[in-house]
Structures are given as structure tokens and as C-alpha cells.
Amino acid sequence: MAKYRKKPVAIEAWRVRELLALAQGDWASLPIAVRDAYDGGGLVFCPECIHVRTLEGAMIADIDDWLINGVAGEFYPVKPAIFEQTYEPVEVTT
């Protein structure tokens with residue numbers, strides 16, 4: 001059996017809880033990529049979740065999930081335990 005390792009690619013990610021709070025308070029403070037996805041119909045904000053159009057079909061990002069902006073600009077939800085096992089913070093350089 002072949003084994004594979006995920007390539008080290010930096011992605012953007014946000015807690016759904018934080019995005020929902022921003023959407024209810026200061027819409028302009030939402031990340032631009034999130035606002036653009038919303039404007040394009042890829043994200044629908046609900047009181048306790050975000051409906052996400054993914055490359056695999058419609059999914060729901062629950063309040064404790066992470067919303068990932070992938071390498072091709074696509075969005076998808078990730079459960080907290082999977083996120084912690086798969087991703088780690090990176091330093092942002094300008």
C-alpha cells in the first residue's frame with residue numbers, strides 16, 4: 001500500500017464562531033475572501049452555522065468548526081479535532 005504526506009501549503013482559516021460574530025456586528029471586518037465568497041453565493045450565514053458550497057457539494061460548518069480557504073480559493077469546513085491534527089500556525093511575513 002502506498003502512503004502519502006500532505007504537502008506543506010499555507011492556507012487561511014477562521015473559527016466559524018468568530019465569523020458569525022463579525023457578520024452580526026461589523027460586516028466590513030470580515031476577511032475579504034469570506035465576503036467575496038458570500039457575495040458569490042458560496043457561503044450562507046445562519047445563526048449557528050455557515051452553509052458552504054464546496055468542490056464536493058454543499059456542507060455545513062458548525063459553530064465550533066474551522067472554515068478553511070484552500071489552495072485553489074475554495075472553502076470547506078473542518079472539525080476542530082481534524083484541524084488540530086492537520087494544521088499548525090505559520091509565521092506571516094510581509
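How many nonpolar, polar and charged residues does the lining of the largest pocket have? Sorted by class, that lining comes out at twelve nonpolar, two polar and five charged residues. Keep in mind that this is a predicted model.

**The largest pocket**

- The volume of the largest pocket comes to about 590 Å³.
- Its lining is made up of 19 residues, and the closest to the pocket centre are Val9, Ala10, Ile11, Tyr87 and Glu88.

- Three strands, in the order E2-E3-E4, make up an open sheet with antiparallel pairing.
- Strand E2 (43-45) and strand E4 (57-62) sit at the edges, so to speak: each pairs on one side only.
- On average, neighbouring strands of this sheet are turned by 20° against each other, if you ignore direction.
- In general, strands of a sheet pair through backbone hydrogen bonds, and the pairing can be either parallel or antiparallel.
- Strand E3 (residues 49-54) and E4 run antiparallel, with six bridges joining them.
- Within this pair, Thr54 stands opposite Gly57 in E4.

**The helix on the sheet**

- Helix H1 (residues 16-25) packs on the sheet and touches E2, E3 and E4.
- If you want the orientation, the direction of helix H1 makes about 110° with that of E3.

Technical notes:
Residues are numbered from 1 along each chain as its sequence is written. This is a predicted model: local features need pLDDT of at least 70, side-chain atom pairs count only at pLDDT 80 or more; totals for chains, interfaces and linings use all residues. Side-chain values use heavy atoms; hydrogens and water are left out. On a 1 Å grid over the protein atoms alone, a cavity is a set of points where a 1.4 Å probe fits but cannot get out, and a pocket is an open set with protein on both sides within 12 Å along at least five of seven lines; lining residues have an atom within 4 Å of a point. Grid points are joined across faces, edges and corners, and a volume is the space filled by probe spheres set on the points. Ala, Val, Leu, Ile, Met, Phe, Trp, Tyr, Cys and Pro count as nonpolar, Asp, Glu, Lys and Arg as charged, and the others, Gly among them, as polar. Two strands pair if DSSP finds at least two bridges between them. Helices (H or I, at least four residues) and strands (E, at least two) are DSSP runs, numbered from the N terminus. Axes are lines fitted to C-alpha atoms, for helices over the stretch in contact, and angles run from 0 to 180 degrees between N-to-C directions. Contact means heavy atoms within 4.5 Å.
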